[in-house]
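Please look through the structure below with its packing, its charged pairs and its backbone in mind. The paragraphs that follow take these topics in turn.

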Amino acid sequence: MSETIESILEEHRIFEPSSNHQANIASMEQYKSLCSEFSNNFEATWERLANEHLSWKTPFSQVLNQQQAPFFRWFEDGKLNLSDNCLDRHIAAGSGERNAIIWEGEAGEVRRISYHSLLADVCRAANAMRTLGIEAGDRVIIYMPMIPEAAIAMLACSRIGAIHSVVFGAFSPQALRDRIEDTGARLVITADGGGRRGTTHALKPNVDEALSEGCQSVERLLVVRHAGNDIEMNSQRDINWHEALNTEADYCEPLALDSEHPLFILYTSGSTGKPKGILHSTAGYLLWARLTMLWTFDLQPESDAFWCTADVGWITGHTYSVYGPLACGGTTVMYEGVPTYPDPGRLWKICADHHVSVFYTAPTAIRALIKAGNEWPNRHDLSHLRLLGTVGEPINPEAWMWYRNVIGQGRCPIVDTWWQTETGGHMISPLPFATSTKPGSATLPLPGIDAAVVNENGEEVSGDGGLLVLRKPWPSMLRGVWGDDQRYIDTYWHNFDGRYYFAGDGARRDEDGYFWIMGRVDDVLNVSGHRLGTMEIESALVSHPSVTEAAVVGRPHDIKGEAICAFVTLKVEIDDSQAEAAAAELRAHVTKEIGAIAKPDDIRFANNLPKTRSGKIMRRLLRDIAAGREITSDISTLEDQSVVQQLQRAR
């Protein structure tokens with residue numbers, strides 16, 4: 001257990017919510033009333049909310065179909081269009097001139113895009129895709145920097161019923177190829193490159209490399225000219241995004257789609273080697289994206305500038321950079337760049353310049369900016385901030401306090417949110433003007449969410465840690481793993497005879513019923529808020545011709561939350577003088593195979609890995625060694641106990 005979690009478990013400070021009678025949920029009494037409504041009539045409450053918050057082309061007749069559980073279906077036979085709900089309905093209501101997106105590039109350039117302009121761009125992009133033969137149900141890969149065209153491409157797909165799969169722009173050609181081939185995508189949308197730390201990160205060449213082997217399904221490549229770097233264009237395949245859009249009409253009728261029509265596939269790492277294509281559908285996801293924006297962030301569309309710092313390549317960027325804010329008719333801020341360039345005050349300068357009022361970021365970023373010092377936020381006017389949020393991992397209490405006192409200046413409530421790619425949106429979170437908060441606790445489930453901490457028999461436990469489960473379906477839940485129904489069942493529904501969704505996290509509940517998330521219980525690492533499968537990194541290491549075997553674990557890290565530690569055996573024995581060069585070569589290899597985010601922080605070489613006599617690697621032992629802890633695991637079953645001393649000496 002990391003120091004972060006240990007400190008959370010000893011936390012006793014409580015902060016009462018401030019009064020705000022205009023809030024979307026303004027009191028604990030209002031929260032409890034809504035929870036009671038769900039308890040008394042679960043489906044009728046979802047029916048009411050779906051009718052109140054979404055614009056339907058054809059009303060639905062059934063709220064929840066559980067006949068093929070755990071493949072649940074929501075609002076079945078209803079028809080709607082997500083793009084219409086995010087754009088057209090707000091323009092029809094008179095909000096066409098409101099900023100939909102405020103974008104800032106790393107070099108400081110700014111674009112402000114109104115709802116009118118965004119709709120026109122989305123329609124042109126949708127028409128361009130139709131010209132290329134893309135139809136409802138076709139898959140489209142989006143491999144982009146954090147620029148408005150990424151959001152435009154996502155919304156354009158939803159307008160015509162194409163299923164998008166956004167791939168994080170820092171992923172390698174091999175990782176991109178894997179996702180293209182798994183989806184069977186017909187179209188890839190990319191950019192020449194993106195800005196990062198004052199240089200250009202080339203994207204189009206990565207796509208060219210990915211498409212050079214396999215990927216037979218891809219017919220066309222749309223390329224946004226953004227960074228201005230030199231690229232090669234294949235005249236038989238590649239099309240300039242801007243030229244394609246300029247020839248298209250600025251209106252495209254939104255296609256009325258079934259409520260369960262697939263919206264997107266987003267890949268998240270699993271404990272086995274192959275990443276999982278998490279499938280989300282349209283209506284349930286959209287409803288929860290809108291509701292959580294209104295409940296958790298108390299979004300006031302007429303006055304708030306909302307900034308979620310996540311890239312659209314992750315679920316946080318999907319739900320809370322694009323779909324959630326736009327579903328509410330709000331203004332979303334997008335930034336292409338890193339938080340510390342050109343200096344550690346960049347985030348705070350953007351908040352000040354664009355009058356950001358609701359700010360949502362990861363504990364990783366907060367910890368890094370704490371180290372930079374208070375002088376950086378103190379240089380900027382943060383008086384417009386009214387609400388702060390955290391996402392991606394548990395936040396340690398002292399970072400929470402710094403965030404509250406320095407960034408929020410003691411007046412902004414903090415919402416520490418727990419959720420996953422698979423859940424689509426927040427599951428457990430404070431409500432900013434209703435919930436008393438404890439630094440480091442995600443507090444209470446949102447209305448309609450039945451979360452519990454149970455033991456291995458599925459019996460609810462309190463005080464001590466257990467397994468975090470969700471006991472009832474919810475509209476934004478994943479609809480499966482793309483192309484692998486059995487993996488969906490085995491991963492999420494196997495543990496408790498299919499009764500509960502198992503989140504894969506450990507947690508505990510305190511005497512007030514508050515949830516404290518204790519981290520992953522499987523072999524998935526949480527690095528800077530991003531989930532990475534150990535098997536995927538191990539597979540990349542073993543693919544190097546010099547590596548015989550590899551095991552990857554996490555160790556506590558002050559900034560990242562978890563650092564990646566790899567234990568490696570080589571085909572040829574090396575001495576200490578060769579270890580540094582060998583480690584550098586392997587780090588570069590992992591970067592090439594997966595991406596820089598998966599690059600091991602530590603690589604330790606040994607003749608063997610610690611295995612039981614049955615051949616199973618003792619990962620708990622490796623975690624103790626990586627963290628420098630006293631070994632508490634029972635090593636009596638080890639085949640060769642001398643390996644322990646060798647690994648402890650290795651650096």
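In this predicted model, Arg471 counts as partly exposed, with a relative accessibility of 27%, and its side chain forms a salt bridge with Glu460, the closest N and O atoms being 3.2 Å apart. Arg471 is found in the loop between strand E22 (466–470) and strand E23 (480–481), while Glu460 belongs to the loop between strand E21 (451–454) and E22, so the pair ties together parts that are 11 residues apart in sequence. Glu460 is also partly exposed, its relative accessible area being 46%.

Side chains of opposite charge can pair when their charged atoms come close. In this model the count comes to 32 salt bridges, and a few of them can be followed one by one. Lys560 pairs with Asp601 in a salt bridge whose closest N and O atoms are 2.7 Å apart. Since Lys560 sits in the loop between strand E28 (547–557) and strand E29 (561–570), and Asp601 in the loop between helix H18 (576–593) and strand E30 (602–605), this pair ties together parts that are 41 residues apart in sequence. Lys560 is partly exposed at 24% relative accessibility, and Asp601 is partly exposed at 23%.

Asp304 has a relative accessible area of 5%, and because buried means under 20%, Asp304 counts as buried. Elsewhere, salt bridges link four residues, Lys204, Asp208, Arg237 and Asp238, in a network.

Asp298 has a positive phi of about 50° although it is not a glycine, and it is buried, with a relative accessible area of 2%. Cys215 is another non-glycine residue with a positive phi, in this case about 55°. The place of Cys215 is in the loop between helix H8 (204–211) and strand E11 (220–224), where it counts as buried at 6% relative accessibility.

These backbone features deserve a second look, because most residues other than glycine have a negative phi, and most peptide bonds are trans. Ala69 and Pro70 are joined by a cis peptide bond with an omega of about 10°, and Pro70 is located in the loop between strand E1 (62–65) and strand E2 (73–76). The peptide bond from Tyr341 to Pro342 is likewise cis, with omega near 0°, and Pro342 lies in the loop between strand E17 (331–336) and helix H12 (346–353).

On the H3 side the contact is made by Trp46, Leu49, Ala50 and His53, which meet Leu287, Trp288, Arg290, Leu291, Leu294 and Trp295 in H10. Sorted by class, the residues of this contact are 8 nonpolar, 1 polar and 1 charged.

H4 passes H5 in a left-handed crossing. In H4, the residues Ser83, Cys86, Leu87, Asp88, His90 and Ile91 meet Tyr115, His116, Leu118, Leu119 and Val122 in H5. By class, the contact between H4 and H5 has 7 nonpolar, 3 polar and 1 charged residues.

Note on methods
Residues numbered from 1 in each chain as written. Predicted model: local features only at pLDDT ≥ 70, side-chain atom pairs only at ≥ 80, totals over all residues. Heavy atoms only, no water. Left-handed = near helix turned anticlockwise from the far one by under 90°. Helix = DSSP H or I, 4+ residues; strand = E, 2+ residues; numbered from the N terminus. Contact = heavy atoms within 4.5 Å. Nonpolar A, V, L, I, M, F, W, Y, C, P; charged D, E, K, R; others polar. Buried < 20%, exposed > 50% of the residue type's maximum accessible area, 1.4 Å probe, protein only.
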